[in-house]
Amino acid sequence: MVATEAVQAAKAYILELFRDEKIARLGLEELEFRADEAMWEVTIGFHRLWQSDSPAQLGNVRLPPPPNPVRTYKTVCIRDDGTVLSLKHRDVSFRP
């Protein structure tokens, strides 16, 4: 498996797994091949419906968009043969 195949497999897996959540703005964030384990680690970022950066509405009050829209990050671990091994949450929160 080459890098582009690993990325496409990870994106397809995320889209299928989260299809009921109507995720959007799916994109590659990180990619690493671990030769010692013959495994790809592909981190994908996306927005969930409730993480929209469009202004929210509460009754007749329009709220401004959040200053930094929240993205969800997941790391998909895929064997070099294409088998998905795991899906993990990728914490990217800033820690000073």
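This is a predicted model: local features need pLDDT of at least 70, side-chain atom pairs count only at pLDDT 80 or more; totals for chains, interfaces and linings use all residues.
How many residues lie between strand 1 and strand 2 in their hairpin, and which residue in the turn has a positive phi?

The hairpin of strand 1 and strand 2 has four residues between its strands, and Ala38 in the turn has a positive phi of about 50°. Ala38 belongs to the loop between strand 1 and strand 2. Its relative accessibility is 32%, so Ala38 counts as partly exposed. What does Ala38 contact, once its neighbours within four places in sequence are left aside? The contacts are Phe33, Ile78, Arg79 and Asp80.

Now the strands themselves. Strand 1 and strand 2 are paired in the antiparallel sense over eight bridges, and Leu31 has Val42 in strand 2 as its bridge partner. Strand 2 also pairs with strand 5, in the antiparallel sense and over eight bridges. In strand 5, Thr72 is the residue that stands opposite Phe46.

Put together, four strands make an open sheet, ordered 1-2-5-6, with antiparallel pairing. The edges are strand 1 and strand 6; each has a single partner strand, so one side of each is left without a neighbour in the sheet. On average, neighbouring strands of this sheet are turned by 20° against each other, direction ignored.

Next, the helix. Helix 1 runs over residues 3–17, which is 15 residues. From first C-alpha to last it reaches 21 Å, close to the 21 Å expected at 1.5 Å a residue. Which residues of helix 1 are buried? They are Ala6, Val7, Ala10 and Ile14. Viewed down the axis of helix 1, these buried residues fall within an arc of 100°, so they line one face of the helix. On the face of helix 1 turned away from the buried side are the exposed residues Thr4 and Gln8.

What do the buried residues of helix 1 pack against? They pack against strand 1 (24–34), strand 2 (39–47), strand 5 (72–79) and strand 6 (84–89). As for orientation, the direction of helix 1 makes about 50° with that of strand 2.

Last, the aromatic rings. A search of the whole structure gives two aromatic pairs. In one of them, the ring centres of Phe18 and Phe46 are 5.2 Å apart and the planes are at 50°, so the pair is tilted. Phe18 sits in the loop between helix 1 and strand 1, while Phe46 sits in strand 2, so this pair ties together parts that are 28 residues apart in sequence. Both Phe18 and Phe46 are buried.

The pair formed by Phe33 and Trp40 is tilted as well, at 4.8 Å centre to centre and 55° between the planes. Are these two residues buried or partly exposed? Phe33 is partly exposed, with a relative accessible area of 35%. Trp40 counts as buried, at 10% relative accessibility.

Note on methods. Residues are numbered from 1 along each chain as its sequence is written. Side-chain values use heavy atoms; hydrogens and water are left out. Helices (H or I, at least four residues) and strands (E, at least two) are DSSP runs, numbered from the N terminus. The expected span of a helix is 1.5 Å times one less than its number of residues. Buried means under 20% relative accessible area, exposed over 50%, partly exposed in between (1.4 Å probe, protein chains only). The arc is that of the directions from the helix axis to the C-beta atoms. Contact means heavy atoms within 4.5 Å. Two strands pair if DSSP finds at least two bridges between them. Axes are lines fitted to C-alpha atoms, for helices over the stretch in contact, and angles run from 0 to 180 degrees between N-to-C directions. Rings of Phe, Tyr and Trp (its six-membered ring) pair if their centres lie within 6.5 Å; planes under 30 degrees apart count as stacked, over 60 as edge-to-face and the rest as tilted.
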